[in-house]
Amino acid sequence: MKPTPCTVRTGCIAVNADTAKILERGPRIVAIEVDLGSKRASIFSWGTGDDAEVPAVWLERTEETLHTTRLKRETIVSFPEFTGWRVYLAEAGKYTLRVVLVKERAQ
């Protein structure tokens, strides 16, 4: 698995940004996996981050989430290498965030 840069705005969920890896990559689709330090995080939303072109995922805690930080705000995980792509699917497993990004076909 190839590493990929991932930017994290620290919030309530602990994210190991240096572990972001590309699982599969095609010309218009990529699957990325990121290790989470917080167990059973929840996805609040996905879309684009502070920069309107960078795909991002917002993570939050639930009653079942363990190992959180003391911050109250959501954690934002973004992927600047894929500016202009969009989040197609995101899933938070027990200790892992998996994200599928797609690049729209030029019209």
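Tutor: Start with R86, which has a relative accessible area of 38% and is partly exposed. Note that this is a predicted model.

Student: Why is R86 called partly exposed?

Tutor: Buried means under 20% relative accessible area and exposed means over 50%, with partly exposed in between. R86 has 38%, so R86 is partly exposed.

Student: What makes the contact of E104 and R86 a salt bridge?

Tutor: The cut-off is a side-chain nitrogen of Lys or Arg within 4 Å of a carboxyl oxygen of Asp or Glu. For the side chains of E104 and R86 the N to O distance is 2.4 Å, and they meet in a salt bridge. R86 lies in strand β8 and E104 in the segment after β9, so the pair ties together parts that are 18 residues apart in sequence. E104 is partly exposed, with a relative accessible area of 49%.

Student: How many salt bridges are there in the whole structure?

Tutor: A search finds four. One of them joins the side chains of R98 and E33, at 3.1 Å from N to O. E33 lies in strand β4 and R98 in strand β9, so this pair ties together parts that are 65 residues apart in sequence.

Student: Is E33 buried or exposed?

Tutor: The limit for buried is under 20%. E33 has 19% relative accessibility, so E33 counts as buried. R98 has 34% and therefore counts as partly exposed.

Student: How do you know which strands make up the open sheet?

Tutor: Two strands pair if DSSP finds at least two bridges between them. Strand β1 (residues 2-3) and strand β3 (residues 15-25) are joined by two bridges and run antiparallel. Within that pairing, P3 stands opposite K21. Six bridges pair β3 with strand β4 (residues 29-36), again in the antiparallel sense, and N16 in this pairing stands opposite D35. Between β4 and strand β9 (residues 96-102) there are seven bridges, also antiparallel, with I29 opposite V102. The open sheet has five strands in the order β1-β3-β4-β9-β8.

Student: What makes β1 and β8 edge strands?

Tutor: Each of them pairs on one side only.

Student: Which strands form a hairpin with three residues between them?

Tutor: They are β3 and β4. Over the protein chain as a whole, the secondary structure comes to zero helices and nine strands.

Student: Why is I76 called buried?

Tutor: Buried needs under 20%. I76 has 9% relative accessibility, so I76 counts as buried. I76 is placed in strand β7 (residues 75-78). Leaving aside residues up to four places away in sequence, I76 touches T7, V8, R9, A56, V57 and W58. The C-alpha atoms of I76 and A56 are 6.6 Å apart, although these residues are 20 apart along the chain.

Student: Which residues make the nonpolar surface patch?

Tutor: W46, Y88 and L89 make a patch of about 330 Å². A residue in a patch must have over 30% relative accessible area. W46 has 36% and is partly exposed. W46 is found in strand β5 (residues 42-48).

Student: What is noted about phi of R40?

Tutor: Phi of R40 is near 60°, a positive value in a residue other than glycine. Most residues other than glycine have a negative phi. R40 is found in the loop between β4 and β5. H67, in the loop between β6 (55-60) and β7, also has a positive phi, near 65°.

Student: How do you know that the radius of gyration agrees with a compact globule?

Tutor: With 107 residues, a compact globule would have a radius of gyration near 13 Å, and the protein chain has 13 Å, so the two agree. Along its principal axes, the C-alpha trace spans about 45 × 30 × 20 Å. Buried residues make up 39% of the 107 residues.

Methods
Residues are numbered from 1 along each chain as its sequence is written. This is a predicted model: local features need pLDDT of at least 70, side-chain atom pairs count only at pLDDT 80 or more; totals for chains, interfaces and linings use all residues. Side-chain values use heavy atoms; hydrogens and water are left out. Patches are made of residues with over 30% relative accessible area and no salt bridge: like charges are joined within 9 Å, nonpolar side chains (Val, Leu, Ile, Met, Phe, Trp, Tyr) within 5 Å. Accessible areas come from the Shrake-Rupley method with a 1.4 Å probe; for residues, only the protein chains shown count as cover. Helices (H or I, at least four residues) and strands (E, at least two) are DSSP runs, numbered from the N terminus. Buried means under 20% relative accessible area, exposed over 50%, partly exposed in between (1.4 Å probe, protein chains only). The radius of gyration is taken over C-alpha atoms; the globule rule is 2.2 Å times the number of residues to the power 0.38. Contact means heavy atoms within 4.5 Å.
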